[in-house]
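Here is a protein model with a ligand in place. Please look over the sequence and the structure before reading on.

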Amino acid sequence: MIPYGRHSISEADIDAVVEVLRSGWITQGPATPRFESLVSSYCGADYGVAVSSGTAALHLACLALGLGPGDALWTSPNSFVASANCALYCGASVDFVDIDPHTYNMSVTALRTKLEQARSQGTLPKIVVPVHFAGQPCDMKEIAGLADEYGFHVIEDACHALGATYEDQQVGNCRYSDITVFSFHPVKMITTGEGGVLLTNNKDLHERAGRLHNHGIVREGLSEEGGWFYEQHELGFNYRITDIQGVLGISQLSRLNEYLSQRRELAARYNRLLEDLPLERPYQEAGRQSSWHLYVVQVPENSGWTRQSLYEELRNEGVGVNVHYIPVHTQPYYQRLGFQYGQFPLAEAYYGRALTLPLYPGLSEMQQDHVVASLEKFVGSDESTRGRRIE
Ligand SMILES: *Cc1c(COP(=O)(O)O)cnc(C)c1O
């Protein structure tokens, strides 16, 4: 089975990890701070805190911005559940903003409408979390404009978007947000096994997140009792990453640009090869470069075959297609919180027709040709070569 995504580990990665294992530091050594500074300088942000997951980074970002009971966080329903769960960890409430039907990102028009309503009802959010879905950057300038107007904070969930650019600058520079978070789970752009990072240009947010990821403990700048001394100033967590992971991240980051160019070439090749098939290909905004974390096509409506039948047929052909995302508000847990089907119709309609094709560094052209040939077999324009029809 050709998977939809796959990490890429080199001999250099393995050597780097082994070296750390042989050294005196397997956690809290020199590799993690070095990784933090390399990621932040790659992205053009002033500060970084490497943590144990993208989810931990989202949680800390919310806490650093003071999210708590009585506050609200809004995000996109077309995301992984973690984008919303982070608010609930803080005792805040969650709501969603429907997506743009072309980019599949949070719609700025829908956001503006919802903000107007919330202002009149006194229910404005404290934080909005746009998600750069599939690696395609959101309308950050417009969202930042609304943040000024309505007084909310912005956390970019850039878990898909390491290496993507917006206005010719790296996503993660936090020009239009308070904090940006990335994930280093193996399916993401680079991996540390599990891991994530939180980037910011704000010194106070950096200090707060740094403290919270290590139990709320402070060591520096205390009246000196002795070298052992530390103080816990607030209730934090152990969200640290190990140096084993840090060094893997450093090694992976050195190949990020290579990964990006492979993904971009493969995506351009899909765009060409799928041109004549009745599938909607990913929409690309001018002035932005996706990181191509995912390549998602939309199965047309009333086409005689469904996303479900296509999913099954392709899997039978050894093509490990997947689906991103089941709208968060339709999850049983969120239904129990009171969300209902029909509340975010564009995210629901998108989900019903979405199919993620295999795309990762190391996917060969031959494998990609097999994906395309399998698709052609079922959705090709020639009636006689079409797969199982539904009606
Ligand atoms: C992967 C992902 C996360 C969570 O990251 P983890 O490192 O798996 O905790 C959050 N948001 C989005 C959009 C993701 O894709």
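The text below goes from the overall fold to the ligand and its surroundings.

The model is a predicted one. The protein contains 13 helices and 14 strands. Its radius of gyration is 22 Å, close to the 21 Å that the globule rule gives for 391 residues, so the protein is as compact as a globular protein of that length. The C-alpha trace spans about 85 × 60 × 40 Å along the principal axes of the protein.

The ligand is the next stop. Its place is the second largest pocket. There are 16 residues around the ligand, and those that come nearest are Gly-54, Thr-55, Asp-157, Ser-183 and Lys-188. Sorted by class, this shell has eight polar, six nonpolar and two charged residues.

Which helices each supply at least two residues of the shell around the ligand? They are α3, covering 54-64, and α4, covering 82-89. Of the elements that contribute, α3 gives the most to the shell, with three residues.

Individual contacts can now be traced. At Gly-54, a backbone N or O atom lies 2.8 Å from an oxygen atom of the ligand. For His-160 it is the side chain that takes part: one of its N or O atoms is 2.8 Å from an oxygen atom of the ligand. Tyr-325 has a polar side-chain atom 3.3 Å from an oxygen atom of the ligand. As for cover, the ligand taken alone exposes 380 Å², and the protein buries 93% of that.

How values were computed: Residues are numbered from 1 along each chain as its sequence is written. This is a predicted model: local features need pLDDT of at least 70, side-chain atom pairs count only at pLDDT 80 or more; totals for chains, interfaces and linings use all residues. Side-chain values use heavy atoms; hydrogens and water are left out. A residue is near a molecule or strand if one of its heavy atoms lies within 4 Å of it. A polar contact is a pair of N or O atoms within 3.5 Å; within protein, one must be able to donate a hydrogen and the other to accept it, and residues adjacent in sequence count only if both atoms are side-chain atoms. Accessible areas come from the Shrake-Rupley method with a 1.4 Å probe; for residues, only the protein chains shown count as cover. On a 1 Å grid over the protein atoms alone, a cavity is a set of points where a 1.4 Å probe fits but cannot get out, and a pocket is an open set with protein on both sides within 12 Å along at least five of seven lines; lining residues have an atom within 4 Å of a point. A molecule sits in a cavity or pocket if more than half of its atoms lie within 2 Å of its grid points. Helices (H or I, at least four residues) and strands (E, at least two) are DSSP runs, numbered from the N terminus. Ala, Val, Leu, Ile, Met, Phe, Trp, Tyr, Cys and Pro count as nonpolar, Asp, Glu, Lys and Arg as charged, and the others, Gly among them, as polar. The radius of gyration is taken over C-alpha atoms; the globule rule is 2.2 Å times the number of residues to the power 0.38.
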